[in-house]
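Please consult the sequence and the model while reading.

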Amino acid sequence: MNSLVSVIMPAKNAGKFIKQSIESILNQGYQDIELIVINDKSTDDTLSIIKQFDDERISVIEGNSTGISDAFNLGLKHAQGEFFCRCDADDLYPSDRIASQVKWLRDNPDYIAVCGKYSTIDKKSRHLVQYLRGVQDQNIDDEFKLLKTITHFCTFMTYTSILRNIGGCRPFFVTGEDIDLQLRLSMEGKIFFLAQNFYYYRLHNISITHIQPNSKREFYEAIARKCHEQRQSGVKDSVDSGENLTPPEIGDKARKSENKIINQMISQSWYWHKNYQRKKAIYEAFRIVKFFPTSLLSWKNLLTIIMKK
């Protein structure tokens with residue numbers, strides 16, 4: 001008998017993309033799943049779209065609109081599966097994701113979690129950038145000890161019981177909660193990275209999570225890493241001890257997703273060039289021009305790639 005896998009999906013005004021996100025979960029090759037959607041006070045058609053699915057594996061929990069950490073914990077509270085994953089309401093799972101991770105954890109019972117690569121897509125679901133291109137299958141415990149997180153928590157599959165043992169996400173983290181969660185999870189047992197793509201992360205202008213000001217996320221990520229360093233030294237971390245940790249005033253504005261996408265795709269084209277794969281580099285540069293034909297930066301990058309030997 002297969003083990004039940006709980007997939008939680010926090011959703012707030014996700015009407016433009018949630019149908020495709022839900023379909024990517026329900027159409028998995030592994031069918032023993034429950035999809036818990038946390039409808040976090042949406043004011044668009046998110047809820048009506050969810051109700052269009054006639055599938056007993058879907059349940060909807062009404063959220064409190066008090067942040068992503070609270071929504072995550074609400075989903076965790078209702079999860080009944082042995083294994084646990086997260087998928088945001090504008091992102092997608094590859095069709096073999098759950099089956100592959102369940103099998104790996106079953107074959108490797110000394111590990112508490114498995115994670116992997118992810119790539120970005122745009123609002124039309126077009127592939128943009130593949131992350132962690134050169135990373136191979138490996139145990140990543142040493143990375144965590146060095147305060148590093150090499151991938152996104154949405155690529156993880158872990159045991160529901162372990163997440164409950166550590167209390168899920170901490171409400172202090174209004175962003176960067178995925179970094180804090182990974183680091184705290186790493187202290188519970190071994191974690192493995194598989195060099196497979198487990199997640200499609202969508203970049204678009206209406207996503208607060210994806211395009212929020214850098215300084216805000218950097219503050220919370222720095223706190224998460226500081227706390228992990230404290231725990232490793234054997235002391236209670238700053239968040240758990242109730243230290244006054246006030247975010248600085250956020251002066252920078254959220255960037256448009258178009259600028260972020262162009263910069264990421266340019267970086268990818270130069271990755272291939274630096275690795276002596278000129279044809280791939282030129283192909284990627286042409287893709288940027290195709291996606292953003294009015295961007296001077298995309299044309300400049302293409303000409304530079306072509307001329308560079």
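A crossing is left-handed if the near helix is turned anticlockwise from the far one by less than a right angle, and right-handed if clockwise. The structure is a predicted model, in which local features need pLDDT of at least 70 and side-chain atom pairs count only at pLDDT 80 or more, while totals for chains, interfaces and linings use all residues. Residues are numbered from 1 along each chain as its sequence is written, and side-chain values use heavy atoms, with hydrogens and water left out. Helices (H or I, at least four residues) and strands (E, at least two) are DSSP runs, numbered from the N terminus.

Q: What is the handedness of the crossing of α11 and α12?
A: Helix α11 and helix α12 (residues 296–307) pack with their axes 8 Å apart, at an angle of about 165°. Axes are lines fitted to C-alpha atoms, for helices over the stretch in contact, and angles run from 0 to 180 degrees between N-to-C directions. The crossing of α11 and α12 is left-handed.

Q: Are α11 and α12 roughly parallel or roughly antiparallel to each other?
A: Angles under 35 degrees count as roughly parallel, over 145 as roughly antiparallel, 65 to 115 as roughly perpendicular and the rest as oblique. The angle between α11 and α12 is about 165°. The two helices, α11 and α12, are therefore roughly antiparallel.

Q: Why does R287 count as buried?
A: Buried means under 20% relative accessible area, exposed over 50%, and partly exposed in between (1.4 Å probe, protein chains only). R287 counts as buried because its relative accessibility is 10%.

Q: Which residues make the contact between α7 and α9?
A: The axes of helix α7 (residues 177–185) and helix α9 (residues 214–232) come within 8 Å and cross at roughly 15°, which means that α7 is roughly parallel to α9. α7 passes α9 in a right-handed crossing. The contact is made by D178, I179, D180, L183 and R184 of α7 and by R217, E221, A224, R225, H228 and R231 of α9.

Q: How many nonpolar, polar and charged residues has the contact of α7 with α9?
A: α7 is mostly covered, as nine of its nine residues are buried. By class, its contact with α9 has three nonpolar, one polar and seven charged residues.

Q: Which elements do the buried residues of α1 pack against?
A: The buried residues of helix α1 (residues 18–26) are I18, S21, I22, S24, I25 and L26. They pack against β1 (5–11), β2, α2 and β3.

Q: Which residue has a side chain joined to that of S42 by a polar contact of 2.8 Å?
A: S42 is placed in the loop between β2 (33–39) and α2, and at 18% relative accessibility S42 counts as buried. A polar contact is a pair of N or O atoms within 3.5 Å; within protein, one must be able to donate a hydrogen and the other to accept it, and residues adjacent in sequence count only if both atoms are side-chain atoms. The side chain joined to that of S42 at 2.8 Å belongs to N39.

Q: Where does the backbone oxygen of L132 lie relative to a polar atom of the side chain of K117?
A: K117 is placed in strand β5 (residues 111–121) and is buried, with a relative accessible area of 12%. The backbone oxygen of R133 lies 3.5 Å from a polar atom of the K117 side chain. For the backbone oxygen of L132, the distance to a polar atom of that side chain is 3.4 Å.

Conventions
Contact means heavy atoms within 4.5 Å. Ala, Val, Leu, Ile, Met, Phe, Trp, Tyr, Cys and Pro count as nonpolar, Asp, Glu, Lys and Arg as charged, and the others, Gly among them, as polar.
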